[in-house]
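Thanks for coming, everyone. Have the sequence and the structure open, please, and follow along with me.

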Amino acid sequence: MIGFNWSNSINNKTMEITAQFRKMFGFEEVVRFEHHITETWKSIVRQPYNRRQELVELADHVANISAKHEGRDPEIDQTRKHPSDILDYFREKSEVIANNDWDNLEQNFFDKFEATNNTAKALTQNGLSFIAAKNLHGQ
């Protein structure tokens with residue numbers, strides 16, 4: 001196991017406690033915590049949310065956290081013609097094009113980058129460093 005995906009089932013206290021066990025077993029450098037920072041607007045259990053401030057509060061003492069961004073910051077995402085939707089991940093390209101949603105999904109994709117950049121800014125402004133994941137989902 002190289003990553004533990006908490007999805008939306010975690011709070012800072014639980015992650016801090018679990019980090020102690022991960023470190024005790026020698027897994028701190030091996031098993032990353034995949035923490036969802038922003039979540040899609042539609043179609044999952046608890047959405048939308050923005051946990052950027054929680055990450056900022058954790059990042060100075062909990063190592064090896066992957067900050068996942070599945071949607072834009074909610075206050076922007078809700079204003080989109082087609083807010084981010086986890087079910088879009090499972091659509092066929094031909095169906096997306098046939099329904100004239102290509103531009104909408106492209107906007108959602110760029111919105112995730114903006115959310116990621118907002119998180120990078122927040123970490124930097126709080127004196128915290130990070131490593132951008134290179135080839136995280138490589139071949």
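Start at Asp 101. Is Asp 101 buried or exposed? Its relative accessibility is 12%, so Asp 101 counts as buried, the cut-off being under 20%. Keep in mind that this is a predicted model.

What does the side chain of Asp 101 meet? Arg 91, in a salt bridge, at 2.8 Å from N to O. Asp 101 sits in the loop between H4 and H5, and Arg 91 sits in the loop between helix H3 (74–77) and H4, so this pair ties together parts that are 10 residues apart in sequence.

Stay with Arg 91. Its side chain also meets Asp 88 in a salt bridge, 2.9 Å from N to O. Arg 91 has a relative accessible area of 22%, so it is partly exposed. Asp 88, with a relative accessible area of 12%, is buried.

Now widen the view. Asp 88, Arg 91, Glu 95 and Asp 101 are linked in a network of salt bridges. As a general point, side chains of opposite charge can pair when their charged atoms come close. How many salt bridges does the structure hold? Nine.

Here is one of them. Glu 34 forms a salt bridge with Arg 32. The closest N and O atoms are 3.0 Å apart. Glu 34 is buried, and Arg 32 is buried as well.

On to charge overall. The protein has 17 positive side chains and 21 negative ones. The centres of those two sets lie 2 Å apart.

Next, His 35. Where is His 35 found? In strand S2, residues 32–38. Its relative accessibility is 1%, so His 35 counts as buried. What does His 35 touch, leaving out residues up to four places away in sequence? The list includes Ile 10, Met 15, Arg 51, Glu 54 and Leu 58. Ile 65, Ser 66, Ala 67 and Lys 68 are on it too. For a distance, take Asn 11. His 35 and Asn 11 are 24 residues apart in sequence, and their C-alpha atoms are 9.8 Å apart in space.

Now the backbone. In general, most residues other than glycine have a negative phi. Two asparagines to look at here. Asn 64 is not a glycine, yet it has a positive phi of about 55 degrees. Asn 64 lies in the loop between helix H2 (52–58) and strand S3 (65–69). At 29% relative accessibility, Asn 64 counts as partly exposed.

The other is Asn 100. Asn 100 is not a glycine either, and its phi is positive, about 55 degrees. Which loop holds Asn 100? The one between helix H4 (93–98) and helix H5 (102–125). Asn 100 has a relative accessible area of 65%, so it is exposed.

Last, step back to the whole chain. There are five helices and three strands. From the N terminus, the order is β-α-β-α-β-α-α-α. The C-alpha atoms fill a box of roughly 50 × 30 × 30 Å along the principal axes.

What share of the 139 residues is buried? Buried residues make up 39%. The protein exposes about 8900 Å², and carbon and sulfur atoms supply 53% of that. Finally, contacts. Take those with a separation of 6 or more: residues 24 or more positions apart account for 67% of them.

That's my tour. Over to you.

Note on methods
Residues are numbered from 1 along each chain as its sequence is written. This is a predicted model: local features need pLDDT of at least 70, side-chain atom pairs count only at pLDDT 80 or more; totals for chains, interfaces and linings use all residues. Side-chain values use heavy atoms; hydrogens and water are left out. Helices (H or I, at least four residues) and strands (E, at least two) are DSSP runs, numbered from the N terminus. Buried means under 20% relative accessible area, exposed over 50%, partly exposed in between (1.4 Å probe, protein chains only). Contact means heavy atoms within 4.5 Å. Accessible areas come from the Shrake-Rupley method with a 1.4 Å probe; for residues, only the protein chains shown count as cover. Lys and Arg count as positive and Asp and Glu as negative; His and the chain ends are not counted. The place of a charge is taken as NZ of Lys, CZ of Arg, CG of Asp or CD of Glu. A salt bridge is a side-chain nitrogen of Lys or Arg within 4 Å of a carboxyl oxygen of Asp or Glu.
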